[in-house]
Amino acid sequence: MSFLLAAATPTAPNIDWAGLSPLLVLLGGAILALIVGLAGSRAIRTQVVPLISLATFGAAIAAVISLWDQSIVLIEGALQLDPLTLILMLVICGGGVVATLLAWRDQAAEEIAHGEFFSLMLLGSAGMFVLVASRDLVTTFVGLELLSLPLYILCAARVREERSLESGLKYLIIGSVGSATVLYGFALLYGATGQTGYSAIAAAIEASNLAADPLFLTGVAMCTVGFAFKASLAPFHQWTPDVYEGAPTPVTAFMSVATKAAAFGVIIRLFDVAVRPAVEAWQPIWVAIALITMVVGNVGALRQDSMKRMLAYSSIAQAGYILVGFVIVTDLGVQAICSYLVLYSLGNLAAFTVVLARERETAEGDNISALRGLGTERPVLAVVMTMAMLSLAGIPATAGFMGKLRLVEAAAAGDYAWLVAVLVVLSVVSLAYYLPVVATIWRGETQPGTDAASGVPVLAGGAPDADAANGRAGWELTLVGVVLAAAVLVFGIIPQPVFNLVASAARGLGLS
Amino acid sequence: MTIHLSIILWLPAVAGLLALLLPGRFARWISLLGSLLVLAYAITLLVDYDRAAGGLQYVTDIVWIRSLGIHYALGISGLNLVLLATTAVIFTASAIWTLVDEPDHGKPGIYALLMGLAQTAVMGAFLAQDLILFVVFFDLMLVPFYFLIVIWGGPDRTSAVLKLFMYTLVGSLLMLVGAITTGVLAANGGEPSFLLADLAKTPLGSTAQGWIFLAFALAFLIKMPSFPFHGWMPDGYSNMPIGVLAVFTAILSKVAAYGFLQIALPLFPDAAVRYQELIMIVAVASILYGSAMAFTVDSARLVLGYSSIAQLGFIVLGIFAFDGRGADGALLQATNHAIVAGALIFVVAMLARRAGGSEKLSDMGGIAKGAPAFAAVFLVFSFALLAMPGTANFVAEFMILLGTFESKMVFAFIAAIGVALAAFYALRLYISAMHHRVGAKVNSFELTLREGLVLVPLLLVVIALALYPQFALDPAEDATSRALSAAQQVQASGSETSTTAQGAK
């Protein structure tokens, strides 16, 4: 008996539980939220469950901080805990905290039950951890699915609203196509190299000179397409506006920050580590995707009445900017991406917070007309939204400007100054959709009740009962908005802390 | 005596913040008090600046963003000394105007805050001795104006302000890319530094200089505005409230002109010499186009708008003559034009009061009849605008043309036509408003005490400059020769090689 045990022990993988702690915390929180969500008392369901979610994200952040600056390979090379993972987890968990607060008293959590809602959000975050930390094709795919499946459900969380269901279904179908493409690509990569570990793949490419091998290149191409779907990069972005618009706003806010961080994490790791030896083959394709994404995002966002659609296109455009930091394949580029993700998410979350507040306060939904007269009616929210828009547009003294500054610097140092020139010209186009929002806030006088007549007719799925139930936005939205707006301003003036945070981002990647 | 530039820089913003936080009825007073304090500080600087020593004084230098090598570096040189004082004068005039002449337009606290921020940003651009800091303040200048126009602007304000923003940001964001590339290339793999003094030591290669210079030039030419980059100007001018427009037309355009001397020529001398004639063609085209338009448009505001295009053309011409006198004249003209154009914007508002609220020249006429003192004041400003001998504008334009004549004679000849045209449009503005048949809606009255409070100080500045232009020219001479030296060297070595090549033939 004992010799059997002795024979079995060496094959079990060595697991560093401390290194896995962020993942374990998130999974534990998810289970706990699910169980507590079954409680009979409504007060426990509606108040304690969000609190658990909040505490879990907080604990995950604490775990990330306790592991700061370490580089550990976990579970026999399946996952890698390095500064890149930790920084992105900070963004993801930060997004989780904000999304939890936004969803706390939201109709969406009410409709599919609080336990499920927050548990799914935590599970999705766990998937994001696996995704950004993975250094093996198999783990990557597991992470990808663990991230995607909860989000499909969350998008359809408002089960009584047609748009939300449509959004979930659309995301499910498109997302599955993306996953399938990625999986096929992985299969081809494995077929070409015979390896699943990222470093092993890189070594195999160099050893057998695979950079021009058709099988290998097809695999790379399919991975590119699949991840472009996931990260909503043009021309694979068509689902984004519909899904963003239809999904409950807290979920949209979470997706726009956390999913984006996770998607870029895996793109950076797969391309900068595993297939970097073939950089000449994939770099031009990614440059083209970056250009198309910037153009499509900025042009698509023009003339949108729905704030969420506008922010969806804006997030596509921002993804294009981030790609500029990616295609140069340098240490500075990865640092720039990380600072951009951190700084951009502040303004983005602030914008969604105000949109949500107005969805609850007015009958206009996420239409831009809901913001009319905000300057006189709700000056605090008006300032928050103004800071958010200025930051997204990259105006100096906001966090967004500093993010762009880093990208420009990295691109200039990486000999891609022309690409960044395209970036800034297109970001001037972005003024044409960010600034009218600011103008609407500050110039228009409120005309209660008559606004709908001038704009788009209120949709049938507008769920008037929900609006009637929630006349007030709730203090937590104001608080979140003010904190985020203050952060936008502070990091716009003193960005060095963020730059220090990301200074070692690329350490685990071996870039120059 | 130690003078901290950070105090003068942030004082207006702080005053604005105070105005916002204290009860609204104090807001305009606090705004005025803040700008008066800045003015006092600026005058102290004028007196205290060591003219004999020259160079950069009162330097503040703190590392701002360590990872990127960006410094919070401020300093006063002969280039920005007088311009800083001019800024203080114009903002004070605007604060007086807002306090005594403008009806309560609501939200005085926010107005005061935005004007304070605008002044801080403008002075930041003048004081910055770090390339990125300059670009940040240059872009930041626009933000308060966005809100000032959106909240208090004319009927087409939303589209006008969008146009203004998009035009100017195309230029300034490309300038940002150029600025960062400059630092990255100059560092050559080492620790980057964006201090202007460091950057001037390591000139870039000729190709990089080319496009970066053009990016900077584009940003400056759009901001001035200069033909053919003035597309935002007519709508923008028509929709700005008067107190804002006075500041905008007087000061913001000068930041751009200053940028050429402070940034573009010292850092990119090769490219400046290479594109000298291109920029001079733009300048001359601006002079001719601006004058022609100023002679034809009906709106008194736009007469001033187009005349600004022409006047800024003169300033650019003087700078790009690469001749000390031309640049000195340009710098003097920057101050002159700021004072005169700012004053005339207020005059237009006063004319409109007497012409039933219309700013159209065709609705005015005969206003002088009931307002002789007003007419006299207006006439002085008009003479200054057309550079009548005896005004500092004459001295400045004369020096600009002299400098241009020495280096590029053809341009000087064409530009001289502009001097004549200026007389046409300035007198047309004056005569069709003040004389001619009395307009249908005109109800003329004498200069009121409140109006006098705005105009008379500016009038005194114009007279002082006319009597003693040397006061403004003196510190400039040393500074402009420093600013031009790199470009002059390039030019000299270029002509040397061409003469040796000719000699070899």
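This is a predicted model: local features need pLDDT of at least 70, side-chain atom pairs count only at pLDDT 80 or more; totals for chains, interfaces and linings use all residues.
Modeller: Local features need pLDDT of at least 70, and side-chain atom pairs count only at pLDDT 80 or more. Residues are numbered from 1 along each chain as its sequence is written.

Biologist: Which three residues supply 19% of the area that chain A buries against chain B?

Modeller: The two chains bury about 3000 Å² between them, 80% of it on carbon and sulfur atoms. Buried area is the accessible area (1.4 Å probe) lost on putting two parts together, summed over both. The three residues, which supply more than any other three, are Val428(A), Trp442(A) and Arg443(A).

Biologist: How many salt bridges are counted between chain A and chain B?

Modeller: A salt bridge requires a side-chain nitrogen of Lys or Arg within 4 Å of a carboxyl oxygen of Asp or Glu. By this criterion, the count between chain A and chain B is zero.

Biologist: Is strand 2 of chain B mostly covered or uncovered?

Modeller: Strands are DSSP runs of E with at least two residues, numbered from the N terminus; strand 2 comprises residues 70-76 of chain B.

Biologist: Which residue stands opposite His71(B)?

Modeller: Strand 1 (residues 57-65) and strand 2 of chain B pair (at least two DSSP bridges) in the antiparallel sense over six bridges. Opposite His71(B) in strand 2 stands Val63(B).

Note on methods. Chains are lettered from A and ligands numbered from 1 in the order in which they are written. Side-chain values use heavy atoms; hydrogens and water are left out. Buried means under 20% relative accessible area, exposed over 50%, partly exposed in between (1.4 Å probe, protein chains only). Helices (H or I, at least four residues) and strands (E, at least two) are DSSP runs, numbered from the N terminus.
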